[in-house]
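I opened the model and wrote down what I looked up, in the order I looked.

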Amino acid sequence: MKSDKDYSQYFQPPSLTDAKKRGKEEIAVHYDFTIPEDMQEFGKDKYYLIRTYGCQMNEHDTEVMKGLLEQMGYQATEDKFQADVILLNTCAIRENAEDKVFGELGHLKALKAQKPGLVLGVCGCMSQEEAVVNRIMQKHAFVDLIFGTHNIHRLPSLLKDAFYNKEMVVEVWSKEGDIVENLPKKREGIRAWVNIMFGCDKFCTYCIVPYTRGKERSRRPQDVLAEVRDLARQGFQEITLLGQNVNAYGKDFEDITYSFADLMDDIRKIDVPRIRFTTSHPRDFDDRLIEVLGKRGNLVEHIHLPVQSGNTEVLKRMSRKYSRDHYLQLAGKIKETMPDVVLTTDIIVGFPGETDEQFDETMSLYEEVGFDFAFTFIYSPREGTPAADMEDNVPMEVKKQRLYRLNELVNKHSKASNERLLGQTVEVLVEGESKNNADVLAGRTRTNKLIHFTGDKSLIGQMVEVEVTHAQTWILKGEIVHKPMKISI
């Protein structure tokens, strides 16, 4: 039985302490990636299944893993009983995401017993945490493969090791690796994600991401632009630029001066109908970026700008590196340049030491900025972060009450924002059928609002103009007023 084996002698487990050390080593960029010759038909007549948890970065990592597996001959399946490889691509942001993964591993244990040849792997951000890797080795020893966020390009070799060694294969790097270009990706639909950078150097006290994703490393501008141009040629209608902190893009370049604003200005000239980005940090959101976004065109007027708290003291304890006043000034500048901008945000309630008065400042900031929507969370400590050592002294009942009050405010603003669109005609990218009604189409406006309307299925993937006839808290409803807009790609 695997569970009796001591794996510590075979590998160096991930270390959050090592992950925090930001070295001066130069990050190399590799353009010569290929699937090893002996792995190019390894998956012939075999099937894979990837379950993805967490953010868009994880979704994008899954696209890369799908691309790698399909170049090895594997085919996709949604049936776990058919799968020869099952990978859980995990998220480490919140504890409940972790609980879901361990729950899923519990369900897969019986399947692994029935089908010993199944290769079961855990990858993604959870794999970069010491406690998680130790827990898997001790309590889930039927897992075959653990790898992290820095070495996805090694999947073919790791899979080969897991298949032939019949022992748990663990390869997690505490120090981030180089940037590997030209990895295959399996993209579906009309929207595409493009990673422009990796890692984060902000070290907010509640956040595990700088440890799991490593230091900030920007892809070279020419590589990002080439990928966006290629996606434009393929006919993608919307591209989202991804990074843990996209507006820190380029700050690590030593040979050129080229910022996120410069990248957006260059991408603005590429013939793609819509360009989005996520996520941005208020500390790095500069005037030049606001100026470029004000040029509009394919740069949409929706900005997700996480604030986390409306109180300067709490922001200091979170190590957010800006104040309430700085955030309000930034929001004011953005609105001055883009009066019709839709701002959305993230907010944590019940951070250690947060008083009623400090929470009230979050409520008043929400009103003052006039956000359209917020993702709201109750604070929960993540092992290995500085905040986990703080006294979690806000009672859960108080946290829940604050979340309830905040969500009521979020709902009120969302409804009011949608109602202001009544009677207006909006540009909609048709994404597909509504999840609840196959006779209804669903799409999104430039400001990322979901709208349902009746129309022919042939419109999927096209831009249409829709008049807003009904406004609910989360969804708009409307009617098509024009034929599809001609978009040249």
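Which residue lies over the face of Phe102? I found Arg135 there, at 3.6 Å from the ring centre. I count a charge as over a ring if NZ of Lys or CZ of Arg is within 6 Å of the ring centre and within 35 degrees of the ring normal. I noted a second case, Arg220 over the face of Phe253, at 4.8 Å from the ring centre.

Ground rules for this page: this is a predicted model, where local features need pLDDT of at least 70, side-chain atom pairs count only at pLDDT 80 or more, and totals for chains, interfaces and linings use all residues. Residues are numbered from 1 along each chain as its sequence is written, and side-chain values use heavy atoms, with hydrogens and water left out.

Aromatic pairs. I paired rings of Phe, Tyr and Trp (its six-membered ring) with centres within 6.5 Å, calling planes under 30 degrees apart stacked, over 60 edge-to-face and the rest tilted. The count came to 14 aromatic pairs. I looked at Phe42 and Phe163: their ring centres are 5.3 Å apart and their planes at 85°, so this pair is edge-to-face. Phe42 sits in the loop between strand E1 (29–30) and strand E2 (47–52) and Phe163 in helix H5 (residues 155–165), so the pair ties together parts 121 residues apart in sequence. Helices (H or I, at least four residues) and strands (E, at least two) are DSSP runs, numbered from the N terminus.

For burial I used relative accessible area with a 1.4 Å probe, protein chains only: buried under 20%, exposed over 50%, partly exposed in between. Phe42 is buried at 11%, and Phe163 is partly exposed at 25%. Phe42 also pairs with Tyr164, with centres 6.1 Å apart and planes at 70°, so that pair is edge-to-face as well. Tyr164 is in helix H5, 122 residues from Phe42. I logged Tyr164 as exposed, at 54%.

I also noted a cluster of Tyr322, Tyr327, Tyr366 and Phe371, linked by ring pairs.

Lys399. Leaving aside neighbours within four places in sequence, I listed its contacts (heavy atoms within 4.5 Å) as Val349, Gly350, Ile378, Tyr379, Asp392 and Val394.
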